[in-house]
Amino acid sequence: MNKYDVAVIGSGPGGYVAAIRCAQLGLKTVIIEKYNTLGGTCLNVGCIPSKALLDSSHHYYDATKHFATHGIDCSGLEVNFKQMIARKNEVVAQTSGGINYLMDKNNIDLLQGIGSFIDATHIKITKADGTSVNIEAAKTIIATGSKPATLPFIKIDKKRIITSTEALNLSEIPKHLIVIGGGVIGLELGSVYKRLGANVSVIEYMPTITPGMDTMLSKELQKSLKKQGVKFYTSHKVTSVVNNGDEVIVTANNKKGIPTEFKGDYTLISVGRKPYTKGLGLSAIDMNVSENGQIITNEQLQTNIANIYAIGDVVKGAMLAHKAEEEGTMVAEIIAGQKPHINYNLIPGVVYTWPEVAAVGKTEEQLKEEGVNYKSGTFAMRALGRARASMDLDGQIKVLADAETDEILGVHMIGARAADMIAEAVIAMEFRASSEDIARSSHAHPTFTEAFKEACLAVNNRAIHS
């Protein structure tokens with residue numbers, strides 16, 4: 001029986017990063033993956049393929065809507081959807097191959113199959129052909145991720161009533177895509193197909209889309225997507241979803257309880273995700289799991305079984321690839337005897353629509369609820385020379401700072417390249433910068449990042465260009 005210092009179950013962003021960091025720290029490491037490709041949900045049916053389709057559809061949308069204004073004649077354009085999907089699959093394959101390379105480079109053993117606990121230090125790996133091997137691991141990191149969630153009365157048939165997994169591999173562009181859930185996944189995939197010519201209707205139970213984000217972001221994003229043709233039905237409670245062959249009928253009650261019927265050829269269920277622990281054999285080791293399926297851990301991500309840790313979507317917190325990566329690194333370093341930490345308040349959230357949405361820190365609603373005395377500054381993207389040059393005028397940046405110390409408490413962006421720009425805010429807050437610190441830092445002109453500087457200037461009523 002092979003013995004390891006650390007076994008990692010799951011090869012998503014949390015798992016493979018944890019394995020690499022363990023190996024870097026001199027620990028003999030094995031990674032266990034049930035699927036044929038590495039990378040987990042993020043790489044195979046999540047972050048990477050969705051961004052590939054978002055980029056492809058954005059190119060087409062710009063060519064049909066904006067290129068003529070730039071003096072570029074693109075009449076007669078057509079979408080080769082089969083090629084678009086093929087390119088997406090190629091990006092996924094290349095990225096997955098890169099992870100295999102990293103496993104080899106770091107001398108990490110790979111065992112493919114379903115990992116199940118025999119006891120706290122022994123794991124059985126059952127391969128696809130039914131054969132199995134057992135290993136011994138002094139420490140184990142569970143990184144098995146999540147799966148799409150649904151509503152109790154909805155039967156996902158993977159044909160017309162689909163999840164994000166199927167939405168990334170459709171054989172045709174929908175005529176009318178009904179999206180149930182106005183969160184990140186629904187809006188991103190809804191954007192893809194709207195750009196490609198589908199009618200898109202988003203049904204959201206809450207009063208605003210992207211619940212949990214700063215209200216300014218939700219309102220601005222909805223306004224921008226409505227201009228692109230997406231239809232929104234907020235404060236609507238879905239009561240039934242029925243597949244009638246070539247048509248899906250969705251019924252939802254508005255806030256007055258009046259039912260509305262929606263008809264489309266596809267319905268995307270995007271009501272969140274749930275932790276995935278099937279096959280792990282957690283009952284064999286009496287591991288504590290919450291009512292919603294999350295593995296319960298302490299602040300060091302240690303489970304009630306002292307030598308077993310859990311990270312990523314399978315534990316509490318935002319289901320984000322970069323959050324899982326940070327947790328994977330932290331647990332590896334804890335196992336090696338170091339003392340790392342994560343500031344969860346500084347894990348940014350991003351929506352990769354266009355305009356992009358990004359945020360870090362506290363929302364204005366949270367600060368009010370907590371009774372924090374704060375001040376704020378905003379700056380509209382359309383006031384930037386760079387935004388006018390590229391025709392990316394939608395959006396704004398809001399900076400929230402402590403009223404007394406001026407320390408930045410939250411940054412909320414919507415606009416072109418917000419997904420990249422948010423990193424500056426994260427670094428600033430990591431070093432507890434004030435809005436004055438950013439305001440006095442030189443930002444290249446003309447760039448989108450000037451909007452962050454201007455918003456920081458606006459915190460103290462000193463914005464130059466508004």
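Two strands count as paired if DSSP finds at least two bridges between them. I applied this criterion first, and I note that the model is a predicted one.

**Entry: strand pair.** I looked up β12 (residues 237–243) and β13 (residues 248–253) and found them antiparallel, joined by 6 bridges. I took Ser-240 as a reference point; its bridge partner in β13 is Thr-251. I then followed the chain between the strands: β12 and β13 form a hairpin with 4 residues between them. In that turn, Gly-245 has a positive phi of about 100°.

**Entry: helix α13.** I checked the burial of α13 (residues 450–459) and found 9 of its 10 residues buried. Glu-450 and Glu-454 are among the buried residues, as are Phe-452, Cys-456 and Leu-457. I next asked which elements the buried residues of α13 pack against. They are the strands β20 (374–380), β21 (396–402) and β22 (408–415), together with the helices α11 (418–430) and α12 (435–439). Just after α13, I recorded a positive phi of about 55° at Asn-461.

**Entry: second largest pocket.** I recorded a volume of about 770 Å³ for the second largest pocket. Its lining comprises 29 residues, and those nearest the centre are His-58, Asp-62, His-66, Trp-354 and Asp-392. I listed the elements that give two or more residues to this lining as α3 (47–65), α7 (215–227) and α10 (385–390). The largest share, 7 residues, comes from α3. By residue class, I found the lining of this pocket to hold 10 nonpolar, 9 polar and 10 charged residues.

Key
Residues are numbered from 1 along each chain as its sequence is written. This is a predicted model: local features need pLDDT of at least 70, side-chain atom pairs count only at pLDDT 80 or more; totals for chains, interfaces and linings use all residues. Side-chain values use heavy atoms; hydrogens and water are left out. On a 1 Å grid over the protein atoms alone, a cavity is a set of points where a 1.4 Å probe fits but cannot get out, and a pocket is an open set with protein on both sides within 12 Å along at least five of seven lines; lining residues have an atom within 4 Å of a point. Grid points are joined across faces, edges and corners, and a volume is the space filled by probe spheres set on the points. Ala, Val, Leu, Ile, Met, Phe, Trp, Tyr, Cys and Pro count as nonpolar, Asp, Glu, Lys and Arg as charged, and the others, Gly among them, as polar. Buried means under 20% relative accessible area, exposed over 50%, partly exposed in between (1.4 Å probe, protein chains only). Contact means heavy atoms within 4.5 Å.
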